[in-house]
Amino acid sequence: MSLQFHNQLSKNIDAFQPITAGKVSLYTCGPTVYNFLTVGNWTAYVYWDTLVRVLTANNLEVTRVMNITDVGHLVSDADDGEDKLEKGAKREGKTAWEVAQFYTDDFLAGMRALNLIPPTYIPKATEYIEQQLDLVRTLKDKGYTYQISDGIYYDTAKFPTYGDFADLDLDAQKAGARVEFNPEKRNPSDFALWKFTTEGEKRDMEWATPSDLTDEGIERPGFPGWHLECSAMSMTLLGDTIDIHTGGIDHIPVHHTNEIAQSEAATGVQFANYWLHNNHLKVNGTKISKSLGNGYTLQDLGEKGYDPLDLRLFILQSHYRTEGNFTFDNLTAARNRRLNWRNVAALRHQTHDTLQTDGDTETDSKTVSLYAAAQKLVETLSDDLNTAEGMAIIDGAFDSVLASRLDRIHQHALVSFLETIDQLYGLKLLETTPDISDDNKRLILERARARENKDYARSDEIRDELAKSGIAVRDTASGPIWEYTR
């Protein structure tokens, strides 16, 4: 089985070869914890969780870092405007530290609700200040930095391949520089490694800039640049060169380009061998924005009766490199699909391997088909995380199961296929489909006898009683089959 991914570094689909056989080092750009995440934000984390699952299914041991940006991310995503954490603090009448902790806790709760595999490390930017300052020191010693009134900047002209990763036209940037462009910067693409606290202000989150890093040779309060944080945490925890770096396509032209420039200038080696990026998720065909009020959160979906796993399935119906479109109609369709899949999973409680005999041609062919579908599913997702095509494989296999007589369904093959689905898609089909109680099983048998005796009134009474437990009964040629209704 071979793994391959679309690599922004080469702009091609590349076969995956880890640095160390059997092991993968992976860095994911984590959230800026100043507000609740929207469905658009969660899309990235669902896709990169799936990446971990696919790597693991290919017998690779994954060491993954996903940071928490709790300082330094300015509202412009570059070097201008207010720090998002400070802005959140003013909005809520709290300190930036309190805001960061609250939304970090909410993010971690959301990860659990979406069944995301916890990364090996979840470092906070504020916990790695010394490492970030050390990186600035290394870059200064190598001649890549300069200081202006508001901070210490990286001189992108010193890194000849700066524009290659995002195919940036740096000459056009210079020609198109606007009047409000910071006149102190040497190049429009230069970025802040470390910002100084504005004179006369006191920030919740600030640290002393060591005297050896300032031109004046004196300490002054400051805070890290957003881009610096990821490089420092990645190199500290995973080493100078990692296998895979992930993020959103909006990270390509600025954040990831800057990470590469500062990291490779500091170490002299390639920062990451593979760069994977997910596309945007729109809502009702439009960009998610505060003004439109369409930044739906997990809390919003819960209030409308949706399970977080409905969102997970909805996201994975699309390939990570395609632009998604969230609507509540689409989410409802995903919920229905998940319920249908759960009802197929419930069939394992209603059939037994002992019912099949060796040499039963019909049963054996379907058994082989389910085992083959499981293998095909792994192969499909190993081809650039093609979750959308994988779902078609699942639907086809389940259609075959549902078209079979109950006594023709091979229990072990079905369970094996469900295990593969859960491993790759994280939908908890097995965990969320327990067997029904013995009392309800007795009611189903009593209902069957009532129908045989044409006692339809009693049959209807039992149907209504089962419905209170979230169970429906479907009558088939091979006998009654129970299903979940919620």
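Contact here means that heavy atoms lie within 4.5 Å. By that criterion, and not counting residues up to four places away in sequence, Trp-42 touches Leu-37, Phe-107, Gly-110, Met-111, Leu-114, Leu-116, Leu-298, Leu-311 and Ile-315. The model is predicted, so that local features need pLDDT of at least 70 and side-chain atom pairs count only at pLDDT 80 or more, while totals for chains, interfaces and linings use all residues. Residues are numbered from 1 along each chain as its sequence is written, and side-chain values use heavy atoms, with hydrogens and water left out.

Trp-42 is also among the residues that touch the most other members of the largest nonpolar core, which has 122 residues; Leu-55, Ile-244, Leu-311, Phe-326, Phe-417 and Tyr-425 are the others. A nonpolar core is a set of buried Ala, Val, Leu, Ile, Met, Phe, Trp, Tyr and Cys residues joined through side-chain atoms within 4.5 Å, where buried means under 20% relative accessible area, exposed over 50%, and partly exposed in between (1.4 Å probe, protein chains only). Helix H1 gives the most to this core, with 12 residues. A second, separate core of nine residues includes Ile-444, Leu-466, Trp-482 and Tyr-484.

Helices (H or I, at least four residues) and strands (E, at least two) are DSSP runs numbered from the N terminus, and two strands pair if DSSP finds at least two bridges between them. An open sheet of four strands, paired in parallel, has the order S4-S3-S10-S11; S4 and S11 (272-278) are the edge strands, each pairing on one side only. From one strand to the next the twist averages 20 degrees, with axes fitted as lines to C-alpha atoms (for helices over the stretch in contact) and angles running from 0 to 180 degrees between N-to-C directions.

Strand S3 (residues 23-28) is largely enclosed by the rest of the structure, because five of its six residues are buried. Its pairings are as follows.

| Strand paired with S3 | Bridges | Sense |
|---|---|---|
| S4 (residues 61-66) | six | parallel |
| S10 (residues 242-248) | three | parallel |

On the S4 side, Val-24 has Val-62 as its bridge partner and Thr-28 stands opposite Met-66, whereas in S10 the residue opposite Tyr-27 is His-245.

In the loop between S10 and helix H7 (252-267) lies His-251, which is buried at a relative accessible area of 13%. Leaving aside neighbours within four places in sequence, His-251 is in contact with Cys-29, Trp-226, His-256 and Thr-257.
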